[in-house]
Structure formats: structure tokens, C-alpha cells
Amino acid sequence: MKIKTVELVRTAFNEEQYPKDNFPQIVIVGRSNVGKSTLINTVLNRKNLAKTSSKPGKTRGINFYLINNGFYLVDLPGYGYAKVSKEMKKQWAHNIETFLNTSKYLRHALLLIDIRRTPTEDDFLMVNWFRHKELPFTVVLTKADKVNKSEIVNAVEGICKTFNIDSERIIVFSSLKKMGVSQVLSIFDEWTKK
Ligand code: GTP
Ligand code: MG
């Protein structure tokens, strides 16, 4: 897939603000600071489209990016960020859940996990939810530039076992090295056909 046009159509904080059109959607989920917004910028080849930060909790609303006037890439706020109030965490969890439970046009999910970390309870919850809803998903291991080749192999093996998935459903990704970009684009192709 060639990215021709990208438009941030909406930043939604509640259900009423979701776009009303019926373009297929691919959602990006993962814990705070895992590199969701950075992946969007890298894959779409737009430097500062999605706001990124070294401090977790940057993305707060749900961002709907319309790609090639044909599908939405949906950037969710990250979960598991410790340094916010309980009230705020509840609100975020609610926002994420509402989106996942109400979107009729979800085709595929990219679950991002830092390649150096073991999956958290929240990551497991996501995978269980995808299975429950029969939503196909791919695991993207981010920040692969931070580890060596054998650590990459180990991480992929670990994720296969942990989630009981095939290694074909894992993408090793690095925004720094532009690793895994074409695989993510293939996912877009595969899951956004009308
Ligand atoms: P929230 O919006 O808080 O949920 O975070 P996010 O998942 O959108 O993370 P974001 O893209 O803002 O990136 C968090 C930090 O990780 C930033 O400092 C990025 O520069 C860094 N980062 C993201 N991807 C990579 C990568 O592939 N390699 C390296 N070395 N750093 C990365
Ligand atoms: Mg973000």
C-alpha cells in the first residue's frame, strides 16, 4: 500500500464524537509509552502527525486518521500509565472500552508491546477481548532497535508461547530503524478492502 493522503478527521472524547461514516477501521492499542503514536508517524511517513512524548500519557482522546480516503487508523490512549489519578484511569479505560465495544467497522487490531518487556495483565485482557469478539489481531513488538538479534528471536518466541499465536502474527518493529514498516502496510492492505 502506498500512503497518498492522511487526514486527522477527529479527536474524540466520547461516543457522539466518533466519525459517522462507514470506512473500515484498524485500531492501535497498547500500554502507555509503547510507541503507538510514533508507529503511526513512521508508517504514514509524516514526522509530527501524531503527537509523541517521552512521558507516558501523551495521547488522551481517540484520534481517527483517515488514510487514502479509504480507511481509518485509530490511535487509542495507552493503558497502564501509573501516574494519573484513579478517576482519570477510569475515564480512559471507559473511553477505550466504549470505542472497542461500539465500533461496527473494526476490522483488525495492532497490539503493541515493548520488545524488552513481558506482557502486562492489561495486554492479556486485550488479547482475551479480541478473541471474545473474534477480532483478528497482530502483535507488534516495538523499539526493536534497543535489543540485539538473539534477544529479538527470544522475544518473538516468548510472545508466541504467551499468547499461543503463530510467529506470522508478530511484527518486529523499530521506528528508529524503519523496521517492520512494510509488514504493517501489508496489514492495512489485507484488512481494509471494501
Ligand atoms: P501514549 O500516547 O502515552 O499512550 O504513548 P505512545 O504509545 O503513543 O508512545 P509514543 O509514540 O509517544 O512514544 C513514547 C516514547 O518512545 C517516545 O520517547 C518515542 O520516541 C519512543 N519510541 C517510540 N518508538 C520507538 C522506537 O522504535 N525506538 C526507540 N528507540 N524509541 C521509540
Ligand atoms: Mg500516543
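How many nonpolar, polar and charged residues does the shell around ligand 1 have?

Reply: Happy to. This is a predicted model, in which local features need pLDDT of at least 70 and side-chain atom pairs 80 or more, while totals for chains, interfaces and linings use all residues. Residues are numbered from 1 along each chain as its sequence is written, with chains lettered from A and ligands numbered from 1 in the order written.

The shell around ligand 1 has 15 polar residues, 5 charged and 4 nonpolar (nonpolar: Ala, Val, Leu, Ile, Met, Phe, Trp, Tyr, Cys, Pro; charged: Asp, Glu, Lys, Arg; polar: the others, including Gly). In total, 24 residues surround the ligand, and the closest are G35, T38, T52, T59 and G78 (C-beta, placed from the backbone, within 6 Å).

The chain contains 5 helices and 7 strands, and from the N terminus the elements follow the order β-β-α-β-β-α-β-α-β-α-β-α. Its C-alpha trace spans about 45 × 40 × 35 Å along the principal axes. Of the 194 residues, 35% count as buried (20 or more other C-beta atoms within 10 Å; exposed, 12 or fewer; partly exposed, in between).

As 5 of its 6 residues are buried, β3 is largely enclosed by the rest of the structure. Strand β1 (residues 6–12) runs antiparallel to β3 and is joined to it by 6 bridges (pairing takes at least two DSSP bridges); here V6 has I67 as its bridge partner. Strand β4 (residues 71–75) is also antiparallel to β3, with 5 bridges between them, and F64 is partnered by V74. Together β3 and β4 make a hairpin with 3 residues between them, and N68 in the turn has a positive phi of about 50°.

Leaving aside residues up to four places away in sequence, L111 touches V29, G30, D123, M126, V127, F137, V139 and V140 (C-beta atoms within 7 Å). Across the chain, 71% of the contacts between residues at least 6 apart in sequence join residues at least 24 apart.

Definitions and conventions. Two residues are in contact if their C-beta atoms, placed from the backbone, lie within 7 Å. Helices (H or I, at least four residues) and strands (E, at least two) are DSSP runs, numbered from the N terminus.
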